Amino acid sequence: MENSKEDYKIQSFDLETQNLLKTALKEPSSVDLEKVSDVIVDQSLKDQVFSKEAGRICYTIVQAEAKVNNGSVFRRNLLNRLQQEFKAREETRCRSLQEWVCFVTFICNIFDYLKVNNMPMMALVHPVYDCLFRLAQADSLQNEEEVDCLVLQLHRIGDQLEKMNVQRMDELFFLLRDGFLLQEALGSMARLLLLEILEFRAGGWQLSDTAQKYYYSELAD
């Protein structure tokens, strides 16, 4: 079932690229893994659906490569490319908000899926935090797309991220609380999303049934 999901997610690529990715998923040592990582990152930056699922594909390739020859070529190339994109994040945000949101989604997805000894990769902890801090700045909080992205990522990886560095999570939530309380220009949807994530963390990264019903009926309206 996993494979069919992965196959489905690569339908947006041309046939040659689909074949490259299919081979990488099964026999990574037989393809150019730098090209594979570039293809995955490039697509993730322009396709939000793919950026949410790319971590699963990357995880499969990393596992397949490790199994065959204990290699880490793909992971190294992927992290190098992520580092380049991370350094250019402010230019990306200025150029295209959609691309920036896709990048944050992608790096959080990689953080979620790629583990070393069942632990998130330390190399990604601060970059992920830095991206989330950027989304918590006053100008980003006035943009519903960025608030939505921030809240989605915290739902997905907030608990794991907090275990890696609780002090930075505290600082992030001070920013979010201040944004919620002090920013008059916040839209009603952004305000609702922020209130929900503040309550979500306060409840130990979960919502009570009552709170869940309240927020999701409000969001549905």
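A: Let's start with Asn77, which counts as buried because its relative accessible area is 15%; buried means under 20%, exposed means over 50%, and partly exposed is in between, using a 1.4 Å probe and protein chains only. Keep in mind that this is a predicted model: local features need pLDDT of at least 70, side-chain atom pairs count only at pLDDT 80 or more, and totals for chains, interfaces and linings use all residues. Residues are numbered from 1 along each chain as its sequence is written, and side-chain values use heavy atoms, with hydrogens and water left out.

Asn77 is part of helix α5, residues 73-87 (helices are DSSP runs of H or I with at least four residues, strands are E runs of at least two, numbered from the N terminus). Leaving out residues up to four places away in sequence, Asn77 touches Leu33, Glu34 and Ser37, where contact means heavy atoms within 4.5 Å.

Now for a partner of α5. Helix α4 (residues 48-69) packs against α5 at an angle of about 140 degrees, their axes 8 Å apart; axes are lines fitted to C-alpha atoms over the stretch in contact, and angles run from 0 to 180 degrees between N-to-C directions. On the α4 side, Cys58, Ile61, Val62 and Glu65 make the contact, and on the α5 side Val73, Phe74, Arg75 and Leu78 do.

Two of those names come back with Val36: apart from neighbours within four places in sequence, Val36 is in contact with residues including Ile61 and Phe74.
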